[in-house]
Amino acid sequence: MTIPFLDLKPLYGEIRTELDAAYREVMESGWYILGSQVAAFEKEYAAYCGAGHCVGVGNGLEALELCLYAFDIGPGDEVIVPSNTYIATWLAVSAVGAMPVPVEPDPRTYNIDPDRIEAAITPRTRAIMPVHLYGQPADMDPIMAIAGKHGLKVIEDCAQAQGALYKGRPVGALGHAAGVSFFPTKNLGAFGDAGAITTNDATVADRIKVRRNYGSRVKYYNENKGINSRLDEMQAAFLRVKLRHLDRWNEQRRQRAAEYTQLLQKIAGVQAPHVPQWAAPVWHLYVVQAKDRKAMTDRLDRAGIGWMVHYPLPPHRQQAYAELNISKGELPLAEDMADHVISLPMYPQLASADVAAVASALAQA
C-alpha cells in the first residue's frame, strides 16, 4: 500500500513520551477503575465541549443508550434518526426498546435534513438524534427549534466530530445531551473502546453516573438495575494526553481537506463534500461521491491507495432491521449515497503530496 487509508502508528510516535508517562502514572497508582484519571478527563472534556458535565463510559454505543435511558425513552417511543448513518445510531434506539424513525439527509452535506424532520413526528416521538456525520456538524438551530415546538429531546451523536464547530460553538453541548465514541480511529481515539456523554443537565449526568456503575452510587448499594459501562483509568489517561493535541490534529485534517477540495474541483465525475458557511468540520472522514465508483476505486487500487465505503448498506436495508419492512427505494437519498460514496485517505499525518497523488489517481480514472 503506497498510501494507506488510515495509519495510526505515526500518531503514537509523535507523542510516545507523553503516552508512556501516562501509562506509568496509572500503573504505579494501583487504581484502575473510576479513579483520578477518569475524573480529570471528564472535567477536561466537558470544558473542551463547553458542557457542564461529562460522564465517561465504556463505548460510544452505550453512551447513546445511556442518554436515551436518562430521558426515560423506551418501549412504545419513537426516536428520529438519520437514514444515512452508521448503524450504531439506530442500535442505541433499539437497545432501549424504542423505534428508530429514519429521516433522509441533505444530499450535499450527508447530514439529516431539518426540513424533513417535522413530517416524521408522531404522538409517540420523544427525541431527535442528529449525527454530526464524518466530522461535519448537523444544522442544529432548526433541529432545536423543531424539538422545542414539539417538546422533544435532542441527543447529538458526536462519535465522529470531536472538536467540530457549529456557528462557532463546539458540538456536544448544542442539544440536551450527546454521546461520544473514542474508538481508536476517531479524531480523539483511545487505545481500545471508550466513550462519554456530555450534557448541561446535572440530573441527566447524575442518572448516567449511577446507571453506568451497576446502578450504584455507594458500593454494594444499588438504586436501580444498572449496567457496567465505565471508562477505565488507562484509557482516560491516554485520552487526556491526546486531548491536548486534538485541535492541532484537527487543523491538519482541515488543511488536507482544503487541498482535496481544491484539486477535486477539476475532476469530472467526482463531487467533493459541501461545507455550509456556518460549519467548521473536523474531517473524521473525507467522503466524495463518484459517478462511477468502480472505475474510481479500481484506479485507486492500481495506484496502491487505500479507500473505504462509509457505508455500503444503509441501516434500513440491513437484515437487523428487516422487521421495519422499509422497501428498497423508500429512502432513495441514503441508498444513492451508499451506491456512490468513497472515503479517501484522511488522518493528521497525511502529507500534501499524498493528497495530490490521490487526486491524480482519481483524475486518471
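Begin with Val 55: its bridge partner in strand S9 is Ile 197. Now widen the selection to residues 53-57, strand S1, and residues 195-199, strand S9. Over five bridges, S1 and S9 pair in the antiparallel sense. Pairing here requires at least two DSSP bridges between two strands. Helices (H or I, at least four residues) and strands (E, at least two) are DSSP runs numbered from the N terminus. S1 is largely enclosed by the rest of the structure, because four of its five residues are buried. Buried means under 20% relative accessible area, exposed over 50%, and partly exposed in between, with a 1.4 Å probe and protein chains only.

Some ground rules before moving on. This is a predicted model, in which local features need pLDDT of at least 70 and side-chain atom pairs count only at pLDDT 80 or more, while totals for chains, interfaces and linings use all residues. Residues are numbered from 1 along each chain as its sequence is written, and side-chain values use heavy atoms, with hydrogens and water left out.

**Cysteines**

Select Cys 54. How many disulfides does a search of the whole structure find? The search finds zero, a disulfide being a pair of cysteine sulfur atoms within 2.5 Å. For Cys 54, the nearest cysteine sulfur is that of Cys 49, 7.1 Å away. Cys 54 is buried at 5% relative accessibility. Next, pick Cys 158. Its closest cysteine sulfur is in Cys 49, at 6.9 Å, which is too far for a bond. Cys 158 is buried too, at 2%.

**Helix H5**

Select residues 88-95, helix H5. Ala 88, Thr 89, Trp 90, Ala 92 and Val 93 are buried there. What do the buried residues of H5 pack against? Show helix H4 (60-70), strand S2 (78-82), strand S3 (99-103) and strand S5 (153-157). Contact means heavy atoms within 4.5 Å.

**Asn 250 in helix H9**

Go to helix H9, residues 246-264, and select Asn 250. Asn 250 is buried, with a relative accessible area of 1%. Leave aside neighbours within four places in sequence: Asn 250 is then in contact with Tyr 48, Gln 162, Gly 163, Asn 187 and Val 282.

Stay in H9 for Arg 256 and Glu 259. They form a salt bridge, with the closest N and O atoms 2.9 Å apart. The cut-off is a side-chain nitrogen of Lys or Arg within 4 Å of a carboxyl oxygen of Asp or Glu. The two residues are three apart in H9, so about one helical turn separates them. Arg 256 is buried at 10%.

The whole structure holds 16 salt bridges. Select Asp 72 and Arg 207: their side chains meet at 3.1 Å, N to O. Asp 72 lies in the loop between H4 and S2 and Arg 207 in helix H7 (residues 202-212), so the pair ties together parts that are 135 residues apart in sequence. Is Asp 72 buried or exposed? Asp 72 is exposed, at 54%, whereas Arg 207 is partly exposed, at 26%.

Now select Lys 167 and Asp 141, a salt bridge of 2.9 Å, N to O. Lys 167 sits in the loop between strand S6 (165-166) and strand S7 (169-170), and Asp 141 in helix H6, 26 residues apart. Lys 167 is partly exposed at 43%, and Asp 141 is partly exposed at 32%.

Lys 149 is exposed, at 61%. From its C-alpha to that of Lys 43, 106 residues apart along the chain, the separation is 32 Å.

**An open sheet**

Last stop: select strands S12, S14 and S15. In that order they form an open sheet with antiparallel pairing. The edge strands are S12 (270-271) and S15 (341-344), each pairing on one side only. Two bridges join S12 to S14, residues 286-290. Finish on Gln 271, which stands opposite Gln 289 in S14.
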